[in-house]
Amino acid sequence: ISLIFLGILNLNSVQTMIVTERAVFYRERAANMYSSLLYGVVLGFAELPYLVCTSLMFVFIFYWMVGMNSDWGVFFYWWLVFLLYTSFDTFLGVMLVVLMPNEQAANVLGIGLTMIW
C-alpha cells in the first residue's frame, strides 16, 4: 500500500511541476533553443537523483521498522523494485501531462492507470 501511495504522490507532484514549466518550454522551443528530445532526456536525468534519494530514505526507514528480512541482498532488491515503481509513476506523470490538454485530465488518467497496473 505504501508503494502505491508514494507512486501516486510522485505522479501528482511531477504533473504540477511539468504544467508550470510547459509555457516556458513552448517559448524556448519556438525560439529553437533546444530540441524536444533533449528536453525530455535532461528532465529524466534531473529526476534521477531525487528518485534515488527519496526512495532510499523511505525504504531504509520502512524496511527495518517493519522487520522484514535482515539480509542486505533482499533489502537492495526491495529498494530496486521500489525505485523502479516510483520512477515509472514519475515518468508516467510526465508523459500524461505532455499528452493531455490539461492537468486535471492527466491527473485522473494517471491515478486510474496506476490503480489498474
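Helix 2 (36-66) and helix 3 each supply at least two residues of a nonpolar surface patch, with helices taken as DSSP runs (H or I, at least four residues) numbered from the N terminus. This is a predicted model, where local features need pLDDT of at least 70, side-chain atom pairs count only at pLDDT 80 or more, and totals for chains, interfaces and linings use all residues. Residues are numbered from 1 along each chain as its sequence is written, and side-chain values use heavy atoms, without hydrogens or water.

**The nonpolar patch**
- F60, I61, W64, M65, V66, M68, W72 and F76 make up this patch of about 820 Å² (residues with over 30% relative accessible area and no salt bridge, nonpolar side chains joined within 5 Å; areas by Shrake-Rupley with a 1.4 Å probe; a salt bridge puts a Lys or Arg side-chain nitrogen within 4 Å of an Asp or Glu carboxyl oxygen).
- Helix 2 gives the most, with five residues, while M68 lies in the loop between helix 2 and helix 3.

**Helix 1 with helix 3**
- Helix 1 (residues 2-30) packs against helix 3 at about 35 degrees, with the axes 8 Å apart (axes are fitted to C-alpha atoms over the stretch in contact, and angles run from 0 to 180 degrees between N-to-C directions).
- Residues in contact (heavy atoms within 4.5 Å) include L11 and V14 of helix 1 and Y85 and L92 of helix 3.

**Helix 3 with helix 4**
- The axes of helix 3 (residues 72-99) and helix 4 (residues 103-116) come within 9 Å and cross at roughly 145 degrees.
- From helix 3, Y85, D89, L92, L96 and V97 meet A106, L109, G110, L113 and T114 of helix 4.

Technical notes: Patch = residues over 30% accessible without salt bridge, like charges linked within 9 Å, V, L, I, M, F, W, Y side chains within 5 Å.
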